[in-house]
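Q: I'm new to this one and would like to learn how to read it. Can we walk through a few features together?

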Amino acid sequence: MLPHDIRHTQLKIERRLQLIKPLIYRKSVPLAPFRFTSLAGALTPPPLDADTAAWEILPPNSYWGAKGMHFALATTFIIPDTFDSAALLFNLGESGDFDHPEALLYIDGEAFCGVDRRHQEIRLPNRWRDGREHHLLLHGWCGLMGGTHVTDARKLYMGTSALVQTDVAAREFYTRAQMAWVAAKNLPENDPAKSRLYNALDDAFKVLDTRDPLEDHFYTSLPAADRVLREGIKAAGMPLDVTIAATGHAHIDVAWLWTVDETRHKAARTFSTVLRLMEQYPEFQFVQSTPQLYKWMMQDQPALFEQIKVRVQEGRWETIGGMWLEADCNLTGAESLVRQFLYGRAFFREHFGADSESPILWLPDVFGYAWNLPQLIKGAGLEYFFTIKIGWNQYNRLPYDSFWWQGLDGTKVLTHFSTAPEASNINSRATYNAEVDSMVALGTWINYQQKHLHSDILMSYGWGDGGGGPTREMIENVRTLDAMPGIPQVRQARVVDFFRDLEAKSGAKLPTWNGELYLEAHRGTYTTQARNKRWNRKSEFLLHDAEFLATVASLLDKTYQYPHEAIHQAWEILLLHQFHDIIPGSSVHEVYEQSESYYAEITRLGEVIKQNALEVIQRHYGGEQLMVNPSGSQTYVEQPDRICPPYTVWVNPESLPSSGDSWVEASPRCLDNGTLRVELDEDGDITRVYLHKGGRLDLMEQGREILPSGALANQFQLFEDRPNNWDAWDIDIFFDDRVTYAEPAHRIELVENTAYRKTIKIERRIGSSDYVQRISMTRDARHFDVRTQIDWRERHSLLKVAFPVDMLATKAIHEVQWGNVERPTTRNTSWDWARFETCAHKWVMLQEGEFGVSLINDCKYGHDVRDNVIRLSLLRSPTNPDPDADQGVHEFAYRFTADTTLQNTVRSAYTFNDPGFTVEGTSTQSKAASFHLIDLVEPEIVQIETVKRAEDDNGVIVRLYEYTHSRSAIKLRLGFPVREAYITNLLEENQTQLEVIDGDTITFPVTPFQIVTLRVIPE
C-alpha cells in the first residue's frame, strides 16, 4: 500500500474540507423572521407596496409552504458598520434538486437577483452599506418539493437566514484545495500528479491550524497554508495540453414540471442572477438561447432586459440558438421549423443588433434531429450545430463528437457534441448542465473521441430549470482549473470562438456523418399526449390556409391589409407549444390543460384571418359558390363534386371536371369501387384488400391481393407499455412482450351510400376502451380512409394499428420535414434494432419495383415498419409526469393506399390533411371565374409547401422543396403579373434574381431535397 492509502489522506482531506467550509463566512447577523403570505398563482405580481404587518410570521426552524405554492416573504436588513462587505445567506428549505423554493429577490422595490437551491448566497453591492434599513421581498414559488411523486403534505423547513461577511482568503483556499482534492481522487493511479497533489494537500493542512476554537487559529494560519498549497500544486506537474472552453449556461425548459406561466419567473430569476455574477466576475461568459424567454423578460422585467442588452453588446452574454425556442425536431412540421428560425433570428436582430447572435443552432436537449436540419441551419444564415443528447443513445454511440453533419440535400454543418459528464460519474453520459470541477474536466477529455484531431472541447456549465444557471463556485473553479496538474485547462470562452477555432484548426480533417441523428431513446414522445399532436398538425394547416387566402385577398384587392400582426401572433403561440417538453408529451397535466386554450386562440385567429380574406375574395368575384383548394396538390371537393387545381379559388365551379362514377358493390362487409375491393369479417377486421385488373398505368394484367394470405389489416393491437425509465418519454424494445386484440364488433353497418362515397361503421372495444370506426371508400380511388373515435381508458398501454402487406421490401420510405428518408425494415444490426420505433410525418410507404403501398395519417407520428407490416402508433397512457395522460375521447384518421407512387403518396397526404372546401357566394353571378395563384408547369418533382406575403410585405413568398431525390429545372407560372422574382434564404433575404418569362413565369434549378424560397413581386 502507498503511504497516502495507509494514512487515509483522501478521506482526511475530505473531512478537513467539510470542517473549514463554514469558516468562509467570518461574520454573521441573523435576519429578522420573515413575514409570509401565499399568492393566487404564477401571474400574481409581487406585492411590493403591500402592508406586511398582517402577514404570518415564520420563525426560524419551522415548517412552511406547500407544493406548488406561490408566495411572498418580507423582512428588512441593515448592514452593520463592522462589515467591510456583505451578502445575504438564505436558508428557506433543502437545497436538493427541485427541493428548494425559487424566488426573485427585490430590495427596496428593485428586482435584484434570483434565490434558489443553488444560489442561496447573494452578494450585496456597497450602495446598501449605508447604515439604513432596507426592505427585502422574495416573490417566488415553493416548487415541486422534491419531484412530482412527492405528497402534497410535505412542507419546507425554514432555517436561519442571515447577513454574512465573506472571508475572501478562506474562500480562495477552500476552492483551490477542493479542486486539488477532486483532481487527485480522479487521476489514475499511475499518474505521478496524483500522489504529488495529495502531498501538497497534506502539507497544506498540516500548516493550517484547525484546533478549537477554530476561528482564532484558522484565520491566522491561513496565509501560510495557502502558500504551501500553491507551491505544492505548482510542483505536482503540468496541466494537460488540452483546453476546455467553458461557457456558462442555464437550460430553461419553457414548460415541463411547471407551466409556461412559471417559466416566465424562472427566466427572470435566472437572468438576474447571471447579471449579478457578471458584476462580480469580469471574465464570466454566459450563453442563452430562446427568444421566447427574452420576450417575456422584455415584458415582465424591462429594467433587467436593458441590463442584458448591455452585456450582449459587451460580448459577454452570448445570444444563440437560431430558433424561437429549443423546439422538438421530430414532430415540428416543415414550415414550422422555418418559422422557428425566421422568428427567432428576427427577434435577436431587432432587439440586440444585426450581429449580436452567434451563428450556432443550440439544441442541447432535443430528442432527435430532422435530417434536413443542416440545410435549414445554413439557409437561416447559421453555420454550426451543438447538442449533447445523442450521447444518451441506448445501443450505439455515434463514432464522432466533432464532425461535419451532412444533411439530406448534401449540405454540411460543423457539429460538436459536448462530452462533459454528470458529476456523479466521470464516465457518465454527457450533460449540458455540467458542474465545473476537476473530475468533470478530466471526464470531458476522457470521453472525447476526436483526440487525434483536436484537443479543444466545449463545456456548457450551470444549473438549469430554476437552478439559476452558473454558480459562484463554478466560476471560481474555472479560475482554479486554469493550470491544475494532470487536468485539462479550463477557461471562460464564447461558444462562437470555440467553433471558429475548431473549424480553422481541424475543420479540414474532421470526419463526416451522412445520415440521420436518431436518438435511441424517448421514442414514446412521438405518441404521448395525442391531443396536443393533433392540435399541432391541425394548427399548422390552418395557418397555412389562412396565409394562402390572405395572400390571394391582398393580390385581388390592393386596399386589403394583410394581417401580419395576427398571423405573427398565431405563429408565436404555435411555436411556443413546439417546445421539446410540450409537444412530445413529457410535461405535467397543467401544461396540457393550458395548451387547450392556447390552441383555441390559434384556431380563433386563423379562422378570423380566413373569413376576412374570403369576404374580400367573394366581394371581388361574386358568384353563388366559391371553391377553394389551399393545397399544393390537385384535390377533389365533394360539394359540388369537382376536382380543383392546386392553390386555386374557383367561382361557380360547374366547369371543372367531376370525379366520375364507377361503383360495383357496397355492403356492411364489402366496399368495391371497381378499382379496389375491401372485405371485412364478422369481427370487423379487414381480411382482404384486392386491387382489380389494370391498376395504375395498366401495369397489371391481372388483379393483385395486397394482404398476405390469412392476414388481417386495420387490426388494433394493444401492448403493455411499462418502460424501465422515463414513463412519458420512452417506449422500450420489449413493449411487444404481450399483445391484446380488439373484441368482435358489436355492430357493423353501411351508414353512407352516396354516388361518391360509401362508408361502413364499426363499433368495437379493446381493453377498457370503446371505439367507433368509419371505413370509407370513394369512387375510382385506390385508397380507403379509416376515421376513428375512441374513448381511451387504458393505463400503461400502447395502441397500434397494423397493416401487413404481401410485398418484399427491405426499406421503407418515411416522410420527414422537407423530404423523406429510407429506413430499414430489417433487424440485422444494432443500428437497425435500435430503430424499432421511428418518427414520420404524414406518411410511410413500401415499394416493390413500381408497385407501392402507403399509410397516410392526419395527426400521428410514431411508426414501426418491420418486414412487411406497417404499424402506426395511435395512443399511449403513461402516468408520469401526468397521471391522466390522454384519458378520454380521441379522434384520428388514416388512409391506406394501394398501387401508388411517391408522387401520388405526397399529393394524397397533403389533400388528406388539407382538403378543399366550398363557401357560399355573395351574388347570383353565373359566369365562372378563378384565381389560380400558382401552377407547377413542369416537372412534378417539387411540392409547394407555403404561400404567404413577405415579412416586409414586399411581394409574395413561395416555399417549395424537391422530394424525389432528383435534379431538374422547375417552371412555375404565377396567377398575376410579375415584376421581379428572387431566390431568397429562409430569412427572406434576396440572393439570386430570376428572369421573368412572359410576365408571369419563372424557372430555376433544383437539386435533390433542396428547399427553395422565392420572393415574387407583383406588377
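Q: Let's start with contacts: which residues does proline 1008 touch, not counting residues up to four places away in sequence?
A: Keep in mind that this is a predicted model. Leaving out those sequence neighbours, proline 1008 touches Asp409, Glu962, His965, Ser966 and Arg967.

Q: Where is proline 1008 found?
A: Look in the loop between β56 (1001-1006) and β57 (1011-1018). The C-alpha atoms of proline 1008 and threonine 964 are separated by 7.0 Å, though these two are 44 residues apart along the chain.

Q: Is proline 1008 buried or exposed?
A: Here you compare the relative accessible area with a cut-off: under 20% counts as buried. Proline 1008 comes out at 14%, so it is buried.

Q: Now strands. How do I read the two sides of β18?
A: In a regular strand, side chains alternate between the two faces of the sheet. For β18, Ser402, Trp404 and Gln406 lie on one side, with Phe403 and Trp405 on the other, and all of them are buried. With five of its five residues buried, β18 (residues 402-406) is largely enclosed by the rest of the structure.

Q: Which strands pair with β18, and in what sense?
A: Strand β19 (residues 412-417) pairs with β18 in the antiparallel sense over five bridges, and tryptophan 404 stands opposite leucine 414 there. Strand β22 (residues 512-514) pairs with β18 in the parallel sense over three bridges; in β22, asparagine 514 is the bridge partner of glutamine 406.

Notes
Residues are numbered from 1 along each chain as its sequence is written. This is a predicted model: local features need pLDDT of at least 70, side-chain atom pairs count only at pLDDT 80 or more; totals for chains, interfaces and linings use all residues. Side-chain values use heavy atoms; hydrogens and water are left out. Buried means under 20% relative accessible area, exposed over 50%, partly exposed in between (1.4 Å probe, protein chains only). Helices (H or I, at least four residues) and strands (E, at least two) are DSSP runs, numbered from the N terminus. Two strands pair if DSSP finds at least two bridges between them. Contact means heavy atoms within 4.5 Å.
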